[in-house]
Amino acid sequence: MSLPNITLISYGYFEKDLLEKTAEAVIQEFQCSVGVKEGHMDLSEFYDPTRRQYNGNALLKLVDCLAIPDSLKTLGLFNVDLFIPILTFIFGQAYLGGNTGIASLYRLSNKRYGISGDDRFLAERCIKEVIHELGHTFGLIHCPNPTCVMRSSTYVEDIDQKNQNLCNKCRDEYISLTGL
């Protein structure tokens, strides 16, 4: 049995349906097999009590060390508030042209903003963020097209305005970079 080309590792509790929808969207966008695994780690060493957030750079480094060796790309999924020193918060990050990335659901839920929860929005945002970060691992940079999934997102509303797919320019770049 061959290992998947892309592995999504959930650290913490995630609804099975959300993980399945995300995996299916990744399969469709990148035409790769996708495996979903459950990971376990103590996140306390990544917590910054001054910011009351988790260090995204340190988590990304750890996920990189724990990456599935035979997997083309590995993405860690979290449900904690992430930051990097130069930004107030991040939805995720990845090594450009590398093998790993991370994404967090923490700021993707409507409940976080005092709006009634809607699982559909959460799933759509999760899918977009995962595809965006995986795009970076394949060497794609931020795109100026407002509907491209590779458009930079500063706020959750930015994510809502994007599609979950690469635009034609980014799709061509993906094909060029991967040889698919």
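# Fold, helix packing and selected residues

Read along the sequence, the protein runs β-α-β-β-β-α-β-β-β-β-β-α-α-α. Its secondary structure amounts to five helices and nine strands, where helices (H or I, at least four residues) and strands (E, at least two) are DSSP runs numbered from the N terminus. This is a predicted model, in which local features need pLDDT of at least 70 and side-chain atom pairs count only at pLDDT 80 or more, while totals for chains, interfaces and linings use all residues. Residues are numbered from 1 along each chain as its sequence is written, and side-chain values use heavy atoms, with hydrogens and water left out.

**Overall dimensions and burial**

- Taken along the principal axes, the C-alpha atoms fill a box of roughly 45 × 35 × 35 Å.
- Of the 180 residues, 48% are buried (buried means under 20% relative accessible area, exposed over 50%, partly exposed in between, with a 1.4 Å probe and protein chains only).
- Among contacts between residues at least 6 apart in sequence, 67% join residues at least 24 apart; contact means heavy atoms within 4.5 Å.

**Packing of H1 against H3**

- The axes of H1 and H3 come within 9 Å and cross at roughly 45°. Axes are lines fitted to C-alpha atoms, for helices over the stretch in contact, and angles run from 0 to 180 degrees between N-to-C directions.
- H1 and H3 are therefore oblique to each other; angles under 35 degrees count as roughly parallel, over 145 as roughly antiparallel, 65 to 115 as roughly perpendicular and the rest as oblique.
- H1 contributes Leu18, Lys21, Thr22, Ala25, Val26, Glu29 and Phe30 to the contact, and H3 contributes Leu122, Ala123, Cys126, Ile127, Val130, Ile131, Leu134 and Gly135.
- By class, the contact of H1 with H3 has 11 nonpolar, two polar and two charged residues. Ala, Val, Leu, Ile, Met, Phe, Trp, Tyr, Cys and Pro count as nonpolar, Asp, Glu, Lys and Arg as charged, and the others, Gly among them, as polar.

**Exposed loop residues**

- Gln31 sits in the loop between helix H1 (16–30) and strand E2 (34–39). Gln31 is exposed at 64% relative accessibility and has a positive phi of about 55° although it is not a glycine.
- Arg52 belongs to the loop between strand E3 (47–48) and strand E4 (53–55). Arg52 has a positive phi of about 60°, although it is not a glycine, and is exposed, with a relative accessible area of 63%.
- Pro144 is in the loop between helix H3 (119–137) and helix H4 (156–161) and is exposed, with a relative accessible area of 66%. Pro144 and Gly101 are 43 residues apart in sequence and 21 Å apart in space, C-alpha to C-alpha.

**Residues in a strand and a helix**

- Ser10 lies in strand E1 (residues 6–11) and is buried, with a relative accessible area of 4%. Leaving aside neighbours within four places in sequence, Ser10 is in contact with Leu19, Lys37, Glu38, Gly39 and Leu77.
- Leu62, in helix H2 (residues 56–65), is partly exposed, with a relative accessible area of 24%. Leaving aside neighbours within four places in sequence, Leu62 is in contact with Met41 and Phe46.
- Leu62 and Phe46 are 16 residues apart in sequence and 10.0 Å apart in space, C-alpha to C-alpha.
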